[in-house]
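Dear colleague,

Here is the structure I promised to pass on to you, with my notes below it. Please look through the model first and then read on.

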Amino acid sequence: MPTLKEQFWDPVAGFGVTFRTMFKKVVTEQYPFEKLPTAPRFHGRHQLNRWPDGLEKCIGCELCAWACPADAIYVEGASNTDGPDGDGRFSPGERYGRVYQINYLRCILCGLCIEACPTRALTMTNEYELADDNRADLIYTKNELLAPLLPGMERPPHAMRLGDDEGDYYRGQFKQPAAEQPEFHLEESALRDLAQGEQLVEDGDQR
Ligand code: SF4
Ligand code: SF4
């Protein structure tokens, strides 16, 4: 024989929780209509950085790919060539990353790759909207990962533009381009990249 409590109180007791919750502040985030900024050190989409003259920091060493526990990075290095017969110079060192891909279907955004990178070529942004409806678009290529060209940068390939020697270049003791070096100029494509970069920042601000 059920007790009085079991007959009358227990069936309605659960509604007490519902009733109390009705007067609590709603914690639901209105994503994607309201996008909140992430923590400053949030690990989001990767970025391949440039030196201040526009050359790429990536030297194609593949250390990031070897460090990745998810096997999400694919790199193919190639040699920079200063002579007229080669493709030109894309990074200040001997080699550059000719092919660079990150598969965001595999990446777990752990950040081990950026720790492994010896040149700080690879860093992570706060961009977190990495979703799509097909596999191909989630394999980001070098073009998508490279940082935009900013004022004063020139699209590679070109010679090292800054400093008297490599020591100055790597120490960041940049001077204005030497007289014998070609002048800086923003190509049309660079302006387009810059506009794209600003658009990305604006989009990021809206999140
Ligand atoms: S963040 Fe982690 S999983 Fe993603 S590419 Fe880097 S090492 Fe691999
Ligand atoms: S991103 Fe860094 S670790 Fe990866 S290949 Fe380029 S230089 Fe090497």
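A residue is called buried here if 20 or more other C-beta atoms lie within 10 Å of its own, exposed if 12 or fewer do, and partly exposed in between. By that rule D71 is exposed, because 11 other C-beta atoms lie within 10 Å. D71 lies in the loop between α2 and β2, and its phi is positive, at about 55°, although it is not a glycine. Please keep in mind throughout that this is a predicted model.

To begin with the overall layout, the protein chain has six helices and five strands, which follow one another along the sequence in the pattern α-β-α-β-β-α-β-β-α-α-α. Of its 207 residues, 18% count as buried. Among the contacts in the protein chain with a separation of 6 or more, 72% are made by residues 24 or more positions apart.

The helix α1, residues 4-21, deserves a separate word. Its 18 residues should span 26 Å at 1.5 Å a residue, and the end C-alpha atoms are 27 Å apart, which agrees.

Next come the two ligands. Which residues are closest to ligand 1? Ligand 1 is surrounded by 13 residues, of which C68, C107, C110, L112 and C113 are the closest; by class, this shell has 12 nonpolar residues, one polar residue and no charged ones. The unreviewed UniProt entry carries the annotation "binding site" at C68, C107, C110 and C113. These residues are spread over 46 residues of sequence, yet they cluster in space, with a largest C-alpha distance of 10.3 Å.

C68 has its place in the loop between α2 (63-67) and β2 (73-79), and it counts as buried because it has 20 C-beta neighbours inside 10 Å. If its neighbours within four places in sequence are left aside, C68 is in contact with I73, L112 and C113. C110, in turn, is found in the loop between β3 (95-103) and α3 (112-116), and with 15 other C-beta atoms within 10 Å it is partly exposed.

Around ligand 2 there are 14 residues, and the closest are C58, C61, C64, C117 and L122. Its shell is made up of 10 nonpolar, three polar and one charged residues. Here too the unreviewed UniProt entry gives a "binding site", in this case at C58, C61, C64 and C117. Although they are spread over 60 residues of sequence, they cluster in space, and the largest C-alpha distance is 10.4 Å.

Within this second group, C61 is found in the loop between β1 (46-48) and α2, and it counts as partly exposed, with 18 C-beta neighbours inside 10 Å. Apart from its neighbours within four places in sequence, C61 is in contact with G77 and P118. C117 is found in the loop between α3 and β4 (122-124); it has 19 C-beta neighbours inside 10 Å and therefore counts as partly exposed. Not counting residues up to four places away in sequence, C117 touches L63, C64 and L122.

The loop between β1 and α2 also holds E62, whose phi is near 75°, a positive value in a residue other than glycine. E62 counts as partly exposed, with 16 C-beta neighbours inside 10 Å.

Leaving aside neighbours within four places in sequence, its contacts include L48, R50, F90, Y96 and P156. E56 and P157 are 101 residues apart along the chain, while their C-alpha atoms are separated by 9.4 Å.

P157 brings me to the backbone. A cis peptide bond joins P156 and P157, with omega about 10°, and P157 has its place in the loop between α4 (142-145) and α5 (166-171). Another peptide bond, from Y31 to P32, is cis as well, with omega near 5°; P32 is found in the loop between α1 and β1.

With kind regards

Key
Residues numbered from 1 in each chain as written. Chains lettered and ligands numbered in written order. Predicted model: local features only at pLDDT ≥ 70, side-chain atom pairs only at ≥ 80, totals over all residues. Near = placed C-beta within 6 Å. Nonpolar A, V, L, I, M, F, W, Y, C, P; charged D, E, K, R; others polar. Helix = DSSP H or I, 4+ residues; strand = E, 2+ residues; numbered from the N terminus. Expected span 1.5 Å × (residues − 1). UniProt positions renumbered as here; feature names shortened; annotations may be inferred. Contact = placed C-beta atoms within 7 Å.
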